[in-house]
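This briefing covers the fold, the core and a few individual residues of one protein. The sequence and the model come first.

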Amino acid sequence: GPCTECACSSGKEPTKDPSHTKKKENGDGVFVPKIFFGTRTHKQIAQISRELKRTAYSAVPMTILSSRDYTCIHPVVSHSASNRNEMCVELLDGKHGKSCAYYHGTHKVSEHHALQSAQGLYQAWDIEDLVSLGRKLRACAYFAARELMVGADIVFCPYNYLLDPQIRESMEINLKGQVVILDEAHNIEDCARESVSYSVTEGQLRAAREELDFMVTNNIRQKHHEPLRAVCCSLI
(Lines give C-alpha, C1' and ligand atoms only; values in the text may rest on other atoms or scores of the structure.)
Protein backbone atom coordinates (compact mmCIF):
# COMPACT_ATOMS: atom_id res chain seq x y z
CA GLY A 1 0.00 0.00 0.00
CA PRO A 2 0.97 3.66 -0.24
CA CYS A 3 3.42 5.07 2.29
CA THR A 4 1.71 7.21 4.93
CA GLU A 5 4.54 8.38 7.18
CA CYS A 6 7.00 10.15 4.86
CA ALA A 7 6.85 13.14 2.54
CA CYS A 8 6.56 11.08 -0.64
CA SER A 9 2.98 10.08 0.23
CA SER A 10 0.40 11.90 -1.89
CA GLY A 11 2.74 14.81 -2.52
CA LYS A 12 2.56 15.94 1.09
CA GLU A 13 4.79 18.85 2.01
CA PRO A 14 7.66 17.79 4.30
CA THR A 15 7.74 18.94 7.88
CA LYS A 16 9.91 21.94 8.77
CA ASP A 17 9.89 21.16 12.49
CA PRO A 18 13.55 21.07 13.66
CA SER A 19 12.83 18.12 15.95
CA HIS A 20 11.43 16.28 12.91
CA THR A 21 8.11 15.38 14.51
CA LYS A 22 4.78 15.04 12.77
CA LYS A 23 1.40 15.49 14.41
CA LYS A 24 -1.26 12.86 14.78
CA GLU A 25 -4.88 13.90 14.39
CA ASN A 26 -5.32 13.77 18.17
CA GLY A 27 -2.49 16.28 18.61
CA ASP A 28 0.19 13.91 19.92
CA GLY A 29 3.63 14.25 18.33
CA VAL A 30 5.12 11.29 16.45
CA PHE A 31 8.90 11.26 16.11
CA VAL A 32 9.99 10.48 12.54
CA PRO A 33 13.69 9.60 12.39
CA LYS A 34 16.02 10.95 9.75
CA ILE A 35 18.18 8.61 7.71
CA PHE A 36 21.90 9.47 7.92
CA PHE A 37 23.69 7.78 5.03
CA GLY A 38 27.47 7.75 5.48
CA THR A 39 29.93 7.02 2.68
CA ARG A 40 33.71 6.89 2.37
CA THR A 41 34.09 9.57 -0.33
CA HIS A 42 32.16 12.49 -1.80
CA LYS A 43 32.25 10.73 -5.19
CA GLN A 44 30.20 7.87 -3.73
CA ILE A 45 27.59 10.37 -2.52
CA ALA A 46 27.19 11.57 -6.12
CA GLN A 47 26.66 7.96 -7.25
CA ILE A 48 24.07 7.31 -4.54
CA SER A 49 22.13 10.51 -5.33
CA ARG A 50 21.99 9.45 -9.00
CA GLU A 51 20.52 6.11 -7.94
CA LEU A 52 18.04 7.89 -5.65
CA LYS A 53 16.73 9.83 -8.65
CA ARG A 54 15.74 6.53 -10.27
CA THR A 55 13.58 5.42 -7.35
CA ALA A 56 10.07 6.27 -6.16
CA TYR A 57 11.71 8.24 -3.33
CA SER A 58 13.34 10.84 -5.55
CA ALA A 59 10.98 13.51 -4.18
CA VAL A 60 11.93 12.88 -0.53
CA PRO A 61 13.58 15.98 1.06
CA MET A 62 17.32 15.43 1.34
CA THR A 63 20.61 17.21 1.89
CA ILE A 64 24.31 16.52 1.48
CA LEU A 65 26.74 17.65 4.16
CA SER A 66 30.14 18.47 2.75
CA SER A 67 33.22 20.53 3.53
CA ARG A 68 33.88 24.05 2.29
CA ASP A 69 36.46 22.57 -0.09
CA TYR A 70 33.55 21.23 -2.14
CA THR A 71 30.83 23.83 -1.55
CA CYS A 72 32.40 27.26 -0.96
CA ILE A 73 31.73 29.67 -3.84
CA HIS A 74 33.37 32.80 -2.42
CA PRO A 75 35.76 33.98 -5.18
CA VAL A 76 38.69 34.49 -2.78
CA VAL A 77 38.18 31.71 -0.23
CA SER A 78 37.32 28.98 -2.76
CA HIS A 79 40.51 29.60 -4.76
CA SER A 80 42.79 29.89 -1.74
CA ALA A 81 45.43 27.27 -1.03
CA SER A 82 45.31 28.00 2.73
CA ASN A 83 42.77 26.78 5.30
CA ARG A 84 39.35 27.66 3.87
CA ASN A 85 37.58 26.94 7.14
CA GLU A 86 39.64 29.57 8.96
CA MET A 87 39.20 32.10 6.16
CA CYS A 88 35.43 31.54 6.19
CA VAL A 89 35.23 32.00 9.98
CA GLU A 90 37.28 35.21 9.74
CA LEU A 91 34.92 36.57 7.08
CA LEU A 92 31.85 35.71 9.15
CA ASP A 93 33.42 37.39 12.19
CA GLY A 94 34.24 40.47 10.11
CA LYS A 95 37.78 40.56 11.49
CA HIS A 96 39.17 42.60 8.59
CA GLY A 97 36.12 44.79 8.10
CA LYS A 98 34.76 42.48 5.39
CA SER A 99 31.90 40.01 5.48
CA CYS A 100 30.61 37.28 3.16
CA ALA A 101 27.70 38.41 1.00
CA TYR A 102 27.14 34.80 -0.06
CA TYR A 103 26.52 33.73 3.56
CA HIS A 104 23.85 36.40 4.01
CA GLY A 105 22.04 34.99 0.96
CA THR A 106 21.99 31.40 2.25
CA HIS A 107 18.21 31.40 2.66
CA LYS A 108 17.82 31.90 -1.11
CA VAL A 109 19.07 28.37 -1.77
CA SER A 110 17.26 26.60 1.07
CA GLU A 111 13.98 28.37 0.33
CA HIS A 112 14.41 27.65 -3.37
CA HIS A 113 14.56 23.91 -2.70
CA ALA A 114 11.64 24.08 -0.26
CA LEU A 115 9.54 25.81 -2.94
CA GLN A 116 10.32 23.08 -5.46
CA SER A 117 9.37 20.44 -2.93
CA ALA A 118 6.00 22.10 -2.24
CA GLN A 119 5.22 22.18 -5.95
CA GLY A 120 6.09 18.52 -6.40
CA LEU A 121 9.07 19.33 -8.62
CA TYR A 122 11.66 18.23 -6.10
CA GLN A 123 14.28 15.79 -7.38
CA ALA A 124 17.30 14.18 -5.76
CA TRP A 125 20.41 16.29 -6.33
CA ASP A 126 24.15 16.10 -5.75
CA ILE A 127 26.80 18.56 -4.55
CA GLU A 128 27.42 19.94 -8.05
CA ASP A 129 23.72 20.78 -8.43
CA LEU A 130 23.72 22.62 -5.09
CA VAL A 131 26.90 24.56 -5.91
CA SER A 132 25.53 25.51 -9.34
CA LEU A 133 22.34 26.80 -7.73
CA GLY A 134 24.41 28.71 -5.19
CA ARG A 135 26.42 30.41 -7.94
CA LYS A 136 23.22 31.26 -9.80
CA LEU A 137 21.60 32.81 -6.70
CA ARG A 138 24.90 34.19 -5.30
CA ALA A 139 24.22 32.32 -2.07
CA CYS A 140 26.33 30.02 0.13
CA ALA A 141 25.87 26.35 -0.75
CA TYR A 142 27.75 25.17 2.37
CA PHE A 143 25.40 26.75 4.90
CA ALA A 144 22.36 26.08 2.68
CA ALA A 145 23.06 22.34 2.93
CA ARG A 146 23.11 22.67 6.73
CA GLU A 147 19.82 24.58 6.73
CA LEU A 148 18.22 21.93 4.52
CA MET A 149 19.11 19.29 7.14
CA VAL A 150 16.28 20.60 9.35
CA GLY A 151 13.55 19.38 7.01
CA ALA A 152 15.44 16.54 5.33
CA ASP A 153 14.36 12.92 5.59
CA ILE A 154 17.71 11.69 4.19
CA VAL A 155 21.10 13.23 5.04
CA PHE A 156 24.11 12.11 3.01
CA CYS A 157 27.60 12.73 4.38
CA PRO A 158 31.11 11.25 4.64
CA TYR A 159 31.82 8.77 7.47
CA ASN A 160 33.70 11.25 9.66
CA TYR A 161 30.64 13.51 9.97
CA LEU A 162 29.01 10.68 11.92
CA LEU A 163 32.06 9.23 13.72
CA ASP A 164 33.97 12.34 14.80
CA PRO A 165 32.30 13.92 17.88
CA GLN A 166 33.79 17.35 17.13
CA ILE A 167 32.36 17.39 13.60
CA ARG A 168 28.99 16.13 14.88
CA GLU A 169 28.89 18.97 17.37
CA SER A 170 29.93 21.66 14.87
CA MET A 171 27.40 20.40 12.29
CA GLU A 172 24.68 20.02 14.98
CA ILE A 173 24.14 16.35 14.16
CA ASN A 174 22.17 14.43 16.79
CA LEU A 175 22.08 10.71 16.04
CA LYS A 176 19.92 9.69 19.00
CA GLY A 177 16.88 7.79 17.71
CA GLN A 178 17.92 8.29 14.07
CA VAL A 179 18.61 5.69 11.36
CA VAL A 180 22.29 5.38 10.39
CA ILE A 181 23.37 3.57 7.22
CA LEU A 182 27.09 3.07 6.54
CA ASP A 183 28.02 2.21 2.97
CA GLU A 184 31.02 -0.13 2.67
CA ALA A 185 31.26 -0.33 6.45
CA HIS A 186 34.51 -2.34 6.35
CA ASN A 187 36.25 1.05 5.93
CA ILE A 188 34.94 2.30 9.30
CA GLU A 189 37.99 1.15 11.30
CA ASP A 190 40.40 3.28 9.24
CA CYS A 191 38.09 6.28 9.45
CA ALA A 192 37.69 5.87 13.21
CA ARG A 193 41.50 5.76 13.63
CA GLU A 194 41.87 8.93 11.55
CA SER A 195 39.23 10.70 13.67
CA VAL A 196 41.25 10.22 16.87
CA SER A 197 44.72 10.64 15.32
CA TYR A 198 46.81 13.77 15.00
CA SER A 199 50.01 14.43 13.04
CA VAL A 200 52.86 16.62 14.27
CA THR A 201 56.18 17.50 12.66
CA GLU A 202 59.60 17.26 14.28
CA GLY A 203 59.83 21.05 14.09
CA GLN A 204 56.62 21.41 16.09
CA LEU A 205 57.94 19.00 18.72
CA ARG A 206 61.22 20.93 19.04
CA ALA A 207 59.32 24.22 19.39
CA ALA A 208 57.11 22.67 22.07
CA ARG A 209 60.19 21.35 23.91
CA GLU A 210 61.78 24.82 23.91
CA GLU A 211 58.62 26.37 25.37
CA LEU A 212 58.43 23.65 28.02
CA ASP A 213 62.13 24.18 28.84
CA PHE A 214 61.35 27.83 29.50
CA MET A 215 58.42 26.88 31.75
CA VAL A 216 60.48 24.40 33.79
CA THR A 217 63.48 26.76 34.08
CA ASN A 218 61.26 29.53 35.42
CA ASN A 219 59.43 27.23 37.85
CA ILE A 220 56.08 27.67 36.12
CA ARG A 221 53.89 24.68 37.05
CA GLN A 222 57.02 22.54 37.01
CA LYS A 223 55.35 19.25 38.00
CA HIS A 224 53.01 19.51 34.99
CA HIS A 225 55.52 20.69 32.41
CA GLU A 226 58.42 18.35 33.18
CA PRO A 227 56.52 15.16 32.13
CA LEU A 228 55.38 16.89 28.93
CA ARG A 229 58.96 17.93 28.16
CA ALA A 230 60.06 14.32 28.69
CA VAL A 231 57.46 13.13 26.19
CA CYS A 232 58.66 15.65 23.58
CA CYS A 233 62.28 14.65 24.15
CA SER A 234 61.53 10.95 23.81
CA LEU A 235 59.56 11.47 20.59
CA ILE A 236 62.30 13.66 19.09
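Where does serine 66 lie? Serine 66 is in the loop between strand 4 and helix 2 (68-71); helices (H or I, at least four residues) and strands (E, at least two) are DSSP runs numbered from the N terminus. The model is predicted: local features need pLDDT of at least 70, side-chain atom pairs count only at pLDDT 80 or more, and totals for chains, interfaces and linings use all residues. Residues are numbered from 1 along each chain as its sequence is written, and side-chain values use heavy atoms, with hydrogens and water left out.

**Overall**
- The secondary structure of the protein comes to 12 helices and 6 strands.
- Of its 236 residues, 38% count as buried (under 20% relative accessible area; exposed is over 50%, partly exposed in between; 1.4 Å probe, protein chains only).
- Among contacts (heavy atoms within 4.5 Å) with a separation of 6 or more, 70% join residues 24 or more positions apart.

**Serine 66**
- Serine 66 is buried, with a relative accessible area of 3%.
- Its side chain makes a polar contact of 3.1 Å with that of histidine 42. Such a contact is a pair of N or O atoms within 3.5 Å; within protein, one must be able to donate a hydrogen and the other to accept it, and residues adjacent in sequence count only if both atoms are side-chain atoms.
- Not counting residues up to four places away in sequence, serine 66 touches His42, Thr71, Ile127, Tyr142 and Tyr161.

- An open sheet of 4 strands runs in the order 4-5-3-6 with parallel pairing; two strands pair if DSSP finds at least two bridges between them.
- Strand 4 and strand 6 (179-182) are at the edges with a single partner strand each, so one side of each has no neighbour in the sheet.
- Neighbouring strands are turned by 20° against each other on average, direction ignored. Axes are lines fitted to C-alpha atoms, for helices over the stretch in contact, and angles run from 0 to 180 degrees between N-to-C directions.
- Strand 3 and strand 6 pair in the parallel sense over 4 bridges, and phenylalanine 37 has isoleucine 181 of strand 6 as its bridge partner.

**Helix 1**
- Helix 1 packs on the sheet, where it touches strand 3, strand 4 and strand 5, and its direction makes about 155° with that of strand 5.
- The buried residues of helix 1 are His42, Gln44, Ile45, Ala46, Ile48, Ser49 and Leu52.
- Their cover includes strand 3, strand 4, helix 2, helix 6 and strand 5.

**Nonpolar core**
- The largest nonpolar core has 41 residues, of which Met62, Ile64, Leu65, Leu130, Phe156 and Ile173 touch the most other members. Such a core is a set of buried Ala, Val, Leu, Ile, Met, Phe, Trp, Tyr and Cys residues joined through side-chain atoms within 4.5 Å.
- Elements that each supply at least two residues of this core include strand 3 (35-39), helix 1 (42-53) and helix 7 (141-148).
- Helix 7 gives the most to this core, with 6 residues.
- Leaving aside neighbours within four places in sequence, phenylalanine 156 contacts Phe37, Ile45, Ile48, Leu52, Met62, Thr63, Ile64 and Leu65.

**Positive phi**
- Glutamate 184, not a glycine, has a positive phi of about 50°; its place is the loop between strand 6 and helix 10 (188-195).
- Arginine 221, also other than glycine, has a positive phi near 45° and is exposed, with a relative accessible area of 56%.
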